[in-house]
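Subject: Structure handover and notes

Hello,

Here is the structure for your files. My notes on it follow below.

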Amino acid sequence: MRTVIIDDEANGRKTLRNFIEKYAPQLELIGEADSVESGVTLIDEKKPELVFLDVQMPDGTGFDLLGLVSHNDFSLIFCTAFDQYAVKAFRYSAIDYLLKPLDPDVFQVAVQKAAAPQNSKIEEQLEVLLGNRNDFSRIALHSSEGIHMVSVQDIVRCESSSNYTNFCIQGQSDLLVTRTLKEFDEILSHAGFLRIHKSHLINLNHVVTYIKGEGGWVKMRDGSTVEVSRRRKEQLLSALSNM
């Protein structure tokens with residue numbers, strides 16, 4: 001894959017060069033840039049298939065760069081020192097990211113995913129990423145068919161299905177997504193969602209009724225009834241009383 005690195009730190013670019021040489025010889029490094037401005041020029045001129053992109057640069061951010069490029073038919077891997085907001089944006093958009101200092105195993109997995117055939121264009125993921133810069137209102141969900149852009153407020157509940165998650169979405173067919181419920185619990189827990197059972201994550205805004213029991217059940221707006229585990233009961237009742 002024709003690859004470029006965009007990072008304002010010389011050490012960051014050197015580390016990626018070394019990682020590519022040692023762990024990903026299938027990548028062909030065709031250029032480097034150290035700013036948003038030079039990065040835009042590099043991408044539009046070289047038209048790479050894979051871009052390693054830093055988040056913070058002197059003249060803007062990697063997000064700014066993505067809004068400026070004309071060529072966007074490439075796989076993308078962000079590289080960043082830990083930034084909670086940026087990481088949240090990546091996870092909502094299903095775009096790969098690497099945290100500095102880089103881990104060889106994580107690096108190799110990210111490259112393998114970037115090289116795999118894509119069912120959907122990167123433009124769709126970038127649309128979610130850029131649109132969520134101020135408000136995390138949409139999420140990109142991977143299924144076997146491609147990437148689906150879903151409004152977070154339309155998600156009624158999520159149910160574990162082995163290493164997959166079944167999404168029940170208002171006004172749409174169910175969607176089987178290729179990530180675990182644990183991952184979505186981490187992503188959506190700050191967006192009004194609550195894990196009420198090892199197999200169930202619900203949108204509290206779609207709860208219609210709580211039915212008493214040892215743990216109890218909740219009736220959801222889509223007509224489904226979901227079991228509440230005994231140890232999650234008090235947390236659920238507290239959350240509902242504070243709405």
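In which sense do strand 6 and strand 7 pair, and over how many bridges? The model is a predicted one, and in it strand 6 and strand 7 (residues 96-99) pair in the parallel sense, over four bridges. Within that pairing, Thr 80 has Leu 99 of strand 7 as its bridge partner.

Strand 6

Strand 6 also pairs with strand 3 (residues 50-54): these two run parallel and are joined by five bridges. Here Leu 50 has Ser 75 in strand 6 as its bridge partner. Six of the six residues of strand 6 (residues 75-80) are buried, so the strand is largely enclosed by the rest of the structure. The burial applies to both faces: Ser 75, Ile 77 and Cys 79 are buried on one side, and Leu 76, Phe 78 and Thr 80 are buried on the other. For Cys 79, the relative accessible area is 2%.

Cysteines

A search of the whole structure for disulfides finds zero. Such a link is a covalent bond between the sulfur atoms of two cysteines. For Cys 168, the closest cysteine sulfur is that of Cys 158, and the distance of 7.8 Å is too far for a bond; the cut-off for a disulfide is 2.5 Å between the sulfur atoms. Cys 168 is buried as well, with a relative accessible area of 4%.

An open sheet of five strands has the order 12-11-10-14-13, and its pairing is antiparallel. Strand 12 (175-177) and strand 13 (193-197) are the edge strands, and each of them pairs on one side only. From one strand to the next, the twist averages 25°. Strand 13 pairs with strand 14 (residues 200-203) in the antiparallel sense over four bridges. Helix 7 (residues 181-188) lies across strand 10 (155-161), strand 11 (164-169), strand 12, strand 13 and strand 14, and runs at about 30° to strand 14.

Strand 16 (residues 217-220) and strand 17 run antiparallel and are joined by three bridges. Trp 217 has Glu 227 in strand 17 as its bridge partner.

Helix 1 and helix 5

Two packed helices are described by the angle between their axes and the distance between the axes. For helix 1 (residues 10-23) and helix 5 (residues 104-115), the angle is about 75° and the axes are 11 Å apart. The two helices are therefore roughly perpendicular to each other, since angles of 65 to 115 degrees count as such. On the helix 1 side, the contact involves Leu 16, Phe 19, Ile 20 and Tyr 23, which meet Pro 104, Phe 107 and Gln 108 in helix 5. By class, this contact has six nonpolar residues, one polar residue and no charged residues.

Regards

Note on methods. Residues numbered from 1 in each chain as written. Predicted model: local features only at pLDDT ≥ 70, side-chain atom pairs only at ≥ 80, totals over all residues. Heavy atoms only, no water. Axes fitted to C-alpha atoms, helices over the stretch in contact; angles between N-to-C directions. Parallel < 35°, antiparallel > 145°, perpendicular 65-115°, else oblique. Contact = heavy atoms within 4.5 Å. Nonpolar A, V, L, I, M, F, W, Y, C, P; charged D, E, K, R; others polar. Pairing = 2+ DSSP bridges. Buried < 20%, exposed > 50% of the residue type's maximum accessible area, 1.4 Å probe, protein only.
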